[in-house]
Amino acid sequence: MAADNRGDSGRDEDRGRDGYLLDNRQTEAGERFDALAELFDPVTFRHVDALGIGPGMRCWEVGAGGPSVPTGLAERVGPSGTVVATDIDVSWTRGLAGDVIEVRQHDVAADPPPPGGFDLVHARLVLVHVSDRAEALRRMVRALRPGGRLLLEDADPGLQPLLCPDESGPAQRLANRLRSGFRQLMAERGADLTYGRTLPRLLREAGLADVRADAYFPITSPACAVLESATVRQIRGRLVAAGLATDEEIERHLANVASGTLDLATAPMISAWGRRP
């Protein structure tokens, strides 16, 4: 997941320990952001370009996480446009601030939207982790200018729960068992594992027009292996503490991933978009 909006800095410390599973302050977060960018940036920017986002426009990137999406938006709207990149933890985007990109620490479900109105509001792999998703969505819709577009992209692990859809042997079965443990930890921390499929309906209920959606997930890619390795290393302590895996099993799985012999998939990422009348 690219990012998560987790409250102000004090609340962030508490939730980093007990709530959000993939803390952006851990060293593996950078590896995950790079892998997610390789996997999903082409999909995101295919939609951004189809929506006509271009010079002079104002964009709000919610839960920016890594730098790739704010940078890509800035390339499209600059030098006369603006990209406001927000997240609870802005450590990975702070260095982007400049003439086009503004970086703010912000909780989308609790803080007022950045002022000024936006031609595009975008969030990728964010809302599935936010406890008050409905309020976050209301605030994003409210931030749109008339005619502005909301583009939400979120995972739906319930639609395709396996790390190895081709479960052909012991290594694949172990991979899928660890992925099941990961989903269990996410659900215990409030993640909605079926959220992605609800996006079209939620956008219509929010009053948006011209709502459309599609889905994408890679079945095998080197970036999937990078993402899996970084994710498992980031949560291995929680997997072991919960009795979902042993250290030996995790080491064996990481070796299997590094071997390049597993076809590793992601959960489907559903992209949904609509226009404020």
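User: What makes α7 a bent helix in this predicted model?

Analyst: At Ile235, α7 bends by about 55 degrees. That angle lies between axes fitted to the seven residues ending there and the seven starting there. Even so, α7 (residues 222-241) reaches 29 Å from its first C-alpha to its last, close to the 28 Å expected at 1.5 Å a residue for its 20 residues.

User: Which residues of α7 are called buried, and on what cut-off?

Analyst: Buried means under 20% relative accessible area. In α7 the buried residues include Ala223, Cys224, Leu227, Val232, Ile235 and Leu239.

User: What do the buried residues of α7 pack against?

Analyst: Their partners are α2 (28-50), α5 (170-188) and α8 (247-259). Contact here requires heavy atoms within 4.5 Å.

User: How do you know that Ser221 makes a polar contact at the start of α7?

Analyst: The limit for such a pair of N or O atoms is 3.5 Å. A side-chain oxygen of Ser221 comes to within 3.1 Å of the backbone nitrogen of Ala223, so the pair falls inside that limit.

User: Why are β3 and β6 called edge strands?

Analyst: The open sheet has seven strands in the order β3-β2-β1-β4-β5-β7-β6, with mixed pairing. β3 (101-105) and β6 (209-216) each have a single partner strand, so one side of each has no neighbour in the sheet.

User: How do you know that β6 pairs with β7?

Analyst: Pairing takes at least two bridges. β6 and β7 (residues 269-275) have six, in the antiparallel sense, so they count as paired. Among these partners, Ala213 is bridged to Ala272 in β7.

Terms used. Residues numbered from 1 in each chain as written. Predicted model: local features only at pLDDT ≥ 70, side-chain atom pairs only at ≥ 80, totals over all residues. Heavy atoms only, no water. Helix = DSSP H or I, 4+ residues; strand = E, 2+ residues; numbered from the N terminus. Expected span 1.5 Å × (residues − 1). Buried < 20%, exposed > 50% of the residue type's maximum accessible area, 1.4 Å probe, protein only. Polar contact = N/O pair within 3.5 Å; in protein donor to acceptor, adjacent residues only side chain to side chain.
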